[in-house]
2 protein chains.
Amino acid sequence: MPADRYHHGALRRAVLDAAVEAISESGPSALSLRDLARRAGVSHAGPAHHFGSKEGVFTALAAEGFTMLAEELETVSSGSMAELGVAYVRFGLQHRAHFEVMFRPELYDAEDPSVAEPRERTWSSLSGSARVATTYADQVSSEVTELGAWALVHGFAMLAASGAIEADSPDEVAALVRGAASMMFREPNGAASPREH
Amino acid sequence: MPADRYHHGALRRAVLDAAVEAISESGPSALSLRDLARRAGVSHAGPAHHFGSKEGVFTALAAEGFTMLAEELETVSSGSMAELGVAYVRFGLQHRAHFEVMFRPELYDAEDPSVAEPRERTWSSLSGSARVATTYADQVSSEVTELGAWALVHGFAMLAASGAIEADSPDEVAALVRGAASMMFREPNGAASPREH
DNA sequence: AGCCAGTCTTGTCACTGTCAAGTTCTGGGA
DNA sequence: TCCCAGAACTTGACAGTGACAAGACTGGCT
């Protein structure tokens, strides 16, 4: 459908894509509805009309992000904590724009069902795997292992996304995560573990 | 020094305190220089004049935050990874405003020496402790243990600060961190640190 | 006394998010 | 076929923002 029509017809997608682009360029705090409007070829109030407000745009982005992440984690059915962690971090690097919004809850409406539902799904993937991974050995409470798993993985993702970890490629970060996860959960250190000396 | 003088005399501190207050109320992205000016009892361009720009205010806050954190960690000389983690997370909860700015590098000039120097100090506290804690047992590379330690601790701090972890008191979070750290680093799970080495 | 570098103020600019009111389009009932 | 209710966008306006230039005040030095 041509861009010069009065009814854009695909404003929602156009705005969200523009938002991802804009956030990738200069972060979520620099996002401007008027800029989105320009990128989508629409009048300055178009985006706000469709999403209600700026917060509405962020909420839609967060919902989309959590949904993608949940699906991503659910395909990693190996049950290995290390592989789940790798997937989590990989997602953070691959969809940086979404990821940055998702974990900045003051930007959007975190209670909105479209966000809360997939967020619960990602959480149960992680905590479920952590529970299984430590059934064998430990006397630590399950709360500790589950939250510990999430914290480890989330910390890696945050540090990698903020540039605090200097790694040339996502694969390098993945190797780090794999190593740390198997260290914490005493999983067999698997094929991908770092080369031994 | 009276507040109605032309030369305020303590504008820097007044603005930074106002910033901490404002951020505690509604997050860093809602911070407005003009609001800081009002809180500090100063004309609308006062803060920007002193700090150069809004980024300058954030840079000063980040510098102050990393300095406090570095000193905090350096007093935890027990060498126990668990206790370092507790201190890290406790700092994040106690100085939430500073903490939120510190790990949002797009807000400030992360290369500024006033930020970079204390940031290096906190990092070496953490990685040093991680290195010691795993001297005994592991065959994992030191990069993995050091970054793993940081990620675990940072992840807890982020999740706690963003409200993702429901804990009634900082002490509860501290207990979680202690548990997860000793799980990962195989430290004795007791309250105190390993005295031998 | 005279000056001057710093400290803060005033005035203005382009830009932002939101809202109310207007315009244009779409689909479906008669 | 006509028409019209309402959805999809636009237009216009408002208060608020960060940045900058230019001015006003201050206190210390000679």
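Me: Is B:I165 buried or exposed, and what is its relative accessible area?
Reply: The model is a predicted one, and in it B:I165 is placed in the loop between α8 and α9 of chain B. A residue counts as buried when its relative accessible area is under 20%. B:I165 is therefore buried, with a relative accessible area of 7%.

Me: Which residues does B:I165 touch, not counting residues up to four places away in sequence?
Reply: One of the residues that B:I165 touches belongs to chain A, namely A:L147. With residues up to four places away in sequence not counted, the list for B:I165 reads A:L147, B:F156, B:L159, B:A160 and B:L176.

Me: How many helices and how many strands are there in chain A?
Reply: Read along the sequence, chain A follows the pattern α-α-α-α-α-α-α-α-α. Among the contacts in chain A between residues at least 6 apart in sequence, 69% join residues at least 24 apart, and buried residues make up 49% of its 197 residues. The count for chain A is nine helices and zero strands.

Me: At what angle do helix α1 and helix α2 of chain A pack?
Reply: On the side of α1(A), the residues that meet α2(A) include A:L11, A:A14 and A:V15, while those on the side of α2(A) are A:D35, A:L36, A:R39 and A:A40. The residues of this contact divide into eight nonpolar, no polar and four charged. The crossing is right-handed, and the two helices, with their axes 9 Å apart, pack at an angle of about 115°.

Me: Which residues are in contact with A:H98, leaving aside its neighbours within four places in sequence?
Reply: A:H98 lies in helix α6 of chain A, and with a relative accessible area of 7% this residue is buried. Leaving aside the neighbours within four places in sequence, the residues in contact with A:H98 are A:V20, A:L61, A:E64, A:G65 and A:M68.

Me: Is B:E146 buried or exposed, and what is its relative accessible area?
Reply: B:E146 lies in helix α8 of chain B, where its contacts, neighbours within four places in sequence left aside, are B:W123, B:S127, B:A130 and B:R131. Since the limit for a buried residue is under 20% relative accessible area, the value for B:E146 can be set against that cut-off. B:E146 is buried, with a relative accessible area of 12%.

Me: What distance separates the C-alpha atoms of B:M81 and B:S129?
Reply: B:M81 has its place in helix α5 of chain B, and at 1% relative accessibility this residue counts as buried. B:M81 and B:S129 are 48 residues apart along the chain, and their C-alpha atoms are separated by 5.8 Å.

Me: Which residues are the closest to the centre of the largest pocket?
Reply: The largest pocket has a volume of about 620 Å³. Its lining draws at least two residues from each of α1, α6 and α8 of chain A and α6 and α8 of chain B, and the lining residues divide into 14 nonpolar, eight polar and nine charged. Of the 31 residues that line the largest pocket, the closest to its centre are A:R104, A:M158, B:F103, B:R104 and B:M158.

Conventions. Residues numbered from 1 in each chain as written. Chains lettered and ligands numbered in written order. Predicted model: local features only at pLDDT ≥ 70, side-chain atom pairs only at ≥ 80, totals over all residues. Heavy atoms only, no water. Axes fitted to C-alpha atoms, helices over the stretch in contact; angles between N-to-C directions. Helix = DSSP H or I, 4+ residues; strand = E, 2+ residues; numbered from the N terminus. Left-handed = near helix turned anticlockwise from the far one by under 90°. Contact = heavy atoms within 4.5 Å. Nonpolar A, V, L, I, M, F, W, Y, C, P; charged D, E, K, R; others polar. 1 Å grid on protein atoms, 1.4 Å probe; cavity = no way out; pocket = protein on both sides within 12 Å on 5 of 7 lines; lining within 4 Å. Points joined across faces, edges and corners; volume = space filled by probe spheres on them. Buried < 20%, exposed > 50% of the residue type's maximum accessible area, 1.4 Å probe, protein only.
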